[in-house]
Amino acid sequence: MQRLVPIIPIRDGIIFPNTDSVLTFGRPKSLAALESAFQRERVVCFVLQKNARLNDPSPEDLYEMGTLSRIERMIKTDGEINAQVKGISRVKILSYERYDSYFMANVEDIQDDKEDNEEIKALCNHLTSEFRKAMNFGKSADFLLFMNIMSENSPSELADLIASALDIKPQEKQDLLETIDIRSRLKKVTEFLAKEIKILELERRIASKTQERFEKGAREAMLRERLRTIEEELGEKEEHSETQVLLSKIKDAKMPEEVEEKAKKELSKLQNMNQFNPEAGYIRNYLELMVALPWNKTSKDVTNIKNAEKILDQDHYGLNKAKERITEYLAVHKLAGKMKGPILCFAGPPGVGKTSIGKSIAHALGRKFIRVSLGGIRDEAEIRGHRRTYVGALPGRILQGIKDSGTKNPVFMLDEIDKVGSDFRGDPSSALLEALDPEQNGAFSDHYLEVPFDLSDVMFITTANVLDTIPPALRDRLEIINFSGYTHDEKFKIAHDFLLKKQLDNHGLKADQVMVANDALKFMIHHYTREAGVRNLERKIATVFRKVAKKIAEGEKGKISIKAQDVPKYLGPIKFTGNLIEKKDEIGMSTGLAWTEAGGDILFIEVALMPGKGQLTLTGQLGDVMKESAQASLSYIRSRSHLMGLPDKIFQKTDVHVHVPEGAVPKDGPSAGTAITAAITSALTKIPVKRTVGMTGEVTLRGRVLEIGGVKEKVIAAHRAGLKTIILPKDNKKDLEDVPKEVLNDLTFKFVSHMDEVLGFALLKPLPKPKLKTRDQGFQAPVLHA
């Protein structure tokens, strides 16, 4: 049967047939439709909106099926109407006739499915019992609705009644409304009800466990209070088991007197505090740290100096300065009995063994080893800890390391100290000043601990690649031990004695399965690595052994022998030629020596002359100091041009271009002064510079050659590049003591104090003698004597 009725959209609810509901209406169209229907037959059709957020939905925003309902009662309030409605039947909306102030639509009644058989009865009985079960688990439902469900109902009425009580989404309720087949509707309602029962069971289980915990905690708190009251009445004060354990630990820790007093004070505070107080956990953690710190526990030092030297030599080749410093410390410690731990700083390029020798030192001294990496740390609290007022506060890394070691005299390595940063959270390097000062670290203060801790027995070792980034105040507290790059011979011995065995074990190989010849190792060092340390060399050896392991795993029999000619098969084409010097003597090109973070290197200075106005052009990404050095070199040459036999006006008509190859690499420093001066002089005089000569030194305007740094690294780089003669400032002669003997034996050194001596050694032939002018020919420039 079709009929024209008002349509009222509902945002988030469904009115099912045979159910009573109380609804509140406030939208103008809904109010108009409700009042119009109440004055007539009191019949309206409620339809669910597809989008609940729409305030003024159109017919397209409504579902096609709704519920025909009767308005039983209506009460008006301020701008709203509360109405009691009763669902009559499902209806399908056929068309909308008009919707000026409210919607009107032609609807058609949909008859309920009357099917009734044994399966339907079974579904109804199961659904009724499940609803009763849900009520027992605490499902909230109107009592009148519950009584209606428990009374005699048809299958369709039962499904609709229970569907109206389900806690499901509006779209799912709309699906139940549109399900006409009674069997399908009963099954869907049963599924939704089963899910709801599972949720109710879980909620009940959680609530039960929470209640049990609460009751147990409340009971314990009550009993504890009663016990405390009884003890006070009897005059007996027995400690709680946890408190007793902590007190025993405090006594066993053998803390200093003032520290023990602080710990007992905190323990007393914990004892009188309710266990549910959040601060109790903080105090407990604090006390656990205090009793865990090694206030009076030390490792027994090894006093056998010979044995310590043997251990250091077994683990590392070379590094004689570091080893000598450790044995000196042992000797003084043996004689004096007690001395403050040294604060050492191992400075050098990557891969030379700075970090690994720290472990060997701990082994040689018989101490625990702790390593903390400071690279990238920007928060001062990482060193000094957080104050206990903060949630999640922790002690600083130094105290945590001491606690983990279990002794108060470990070897403590602070790795990458040159890479510590700073920001708004503080400056960690400033926090290190106290820890790394032997005069202050006897009472190191950590923000978390709040009491002084003695670090004077700790041997601190720091590592750095460069010293420039370390603040001066911190650097002043460090005893610097420089680690220079290894020579080829040193690398060969390290690889032969240490790296080969290590990589054999790492790759599951045995000595009788593979043999690497000495010439193969040297070939790898010369042609596949160019570094100060041995990290890349170790990677190359690992690459070779991986390929060998693959062959053995594939079933290759016999011992695999690797010789020099076999290395390219494993590592590919050679990357570096064995000799870096020029093929022939060149005009306007000299060889300088440089120091880098990775060790020493050589650099070529190229000079080109062209017609111009006397301008100097500098390229190759040179720093300000190096640019000034080039300008000083040119000024020196111009002031002595007559002594070099140069034409008077050559500088007014010639532009000079100085270039240092590898332009992508920044270069700076004054030590290239001699090389730049030699290259410019060569270009102007057309005399080639000897290709086998390398030089380094700062040049002044008067031609003096000044002392420079990094001599060892520069000499090793020159030896590696194939140079034969090195020109050094005379004041640097003392620095050759650090250079390995095998390098010194292969090189010839020329020590100079003036640039004239440099040119005499570097140029292929002497400079032309100056032509002296007579009085009537003009002014004769004075001769400058160094």
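This is a predicted model: local features need pLDDT of at least 70, side-chain atom pairs count only at pLDDT 80 or more; totals for chains, interfaces and linings use all residues.

Trainee: How are α2 and α4 oriented relative to each other, parallel or antiparallel?

Mentor: Helix α2 (residues 118–136) packs on helix α4 (residues 155–165) with the axes 10 Å apart. The angle is about 30 degrees. Angles under 35 degrees count as roughly parallel. So α2 and α4 are roughly parallel.

Trainee: What hand does the crossing of α2 and α4 have, and which residue classes make the contact?

Mentor: The crossing is left-handed. From α2 come I120, C124, L127, T128 and F131, and from α4 come P155, L158, I162 and A165. By class, that contact holds eight nonpolar, one polar and no charged residues.

Trainee: How do α10 and α11 run, parallel or antiparallel?

Mentor: The axes of helix α10 (residues 305–315) and helix α11 (residues 320–336) come within 10 Å. They cross at roughly 160 degrees. Angles over 145 degrees count as roughly antiparallel. Therefore α10 and α11 are roughly antiparallel.

Trainee: Which residues of α10 and α11 meet, and how do they divide by class?

Mentor: The crossing of α10 and α11 is right-handed. I305, A308, E309, L312 and D313 of α10 meet K323, I326, T327, L330 and A331 of α11. The contact divides into six nonpolar, one polar and three charged residues.

Trainee: At what angle do α23 and α26 pack, and how does their contact divide by class?

Mentor: Helix α23 (residues 673–685) and helix α26 (residues 755–762) have axes 10 Å apart, at an angle of about 60 degrees. The crossing is right-handed. T674, T677, A678 and T681 of α23 touch M755, V758 and L759 of α26. By class, the contact has four nonpolar, three polar and no charged residues.

Trainee: Why is α15 described as largely enclosed, and what does it pack against?

Mentor: Helix α15 (residues 428–435) has six of its eight residues buried, so the rest of the structure largely encloses it. The buried residues are P428, S429, A431, L432, E434 and A435. They pack against α13 (381–384), α14 (397–405), β9 (411–415), β10 (444–445), β12 (459–464) and α16 (472–475).

Trainee: Is S590 buried or exposed, and which backbone oxygen does its side chain reach?

Mentor: S590 lies in strand β16 (residues 589–596). Its relative accessibility is 1%, so S590 counts as buried. Its contacts beyond four places in sequence include L603, F604, I605, V689 and M695. At 2.6 Å, the S590 side chain reaches the backbone oxygen of A675.

Trainee: Is T543 buried or exposed, and which side chain does it join in a polar contact?

Mentor: T543 is in helix α19 (residues 535–553). Buried means under 20% relative accessible area. T543 has 19%, so it is buried. Its side chain makes a polar contact of 3.2 Å with that of R546.

Trainee: Which residues does T543 touch beyond four places in sequence?

Mentor: Neighbours up to four places away are left out of this list.

Trainee: Where does H507 sit, and which residues does it touch?

Mentor: H507 is in the loop between α17 (488–506) and β14 (514–516). With a relative accessible area of 22%, H507 is partly exposed. Leaving out residues up to four places away in sequence, H507 touches A542, F545, R546 and A549.

Trainee: How many residues apart are H507 and Q621 in sequence, and how far apart in space?

Mentor: In sequence, H507 and Q621 are 114 residues apart. C-alpha to C-alpha, the distance is 44 Å.

Trainee: What phi does Q621 have?

Mentor: Q621 lies in the loop between β18 (616–619) and α21 (624–639). It is partly exposed, with a relative accessible area of 42%. Most residues other than glycine have a negative phi. Q621 is not a glycine, yet its phi is positive, about 55 degrees.

Trainee: And what phi does R42 have?

Mentor: R42 sits in the loop between α1 (28–39) and β3 (43–48). R42 is partly exposed, at 33% relative accessible area. R42 is not a glycine either, and its phi is positive, about 60 degrees.

Methods. Residues are numbered from 1 along each chain as its sequence is written. Side-chain values use heavy atoms; hydrogens and water are left out. Helices (H or I, at least four residues) and strands (E, at least two) are DSSP runs, numbered from the N terminus. Buried means under 20% relative accessible area, exposed over 50%, partly exposed in between (1.4 Å probe, protein chains only). Axes are lines fitted to C-alpha atoms, for helices over the stretch in contact, and angles run from 0 to 180 degrees between N-to-C directions. Angles under 35 degrees count as roughly parallel, over 145 as roughly antiparallel, 65 to 115 as roughly perpendicular and the rest as oblique. A crossing is left-handed if the near helix is turned anticlockwise from the far one by less than a right angle, and right-handed if clockwise. Contact means heavy atoms within 4.5 Å. Ala, Val, Leu, Ile, Met, Phe, Trp, Tyr, Cys and Pro count as nonpolar, Asp, Glu, Lys and Arg as charged, and the others, Gly among them, as polar. A polar contact is a pair of N or O atoms within 3.5 Å; within protein, one must be able to donate a hydrogen and the other to accept it, and residues adjacent in sequence count only if both atoms are side-chain atoms.
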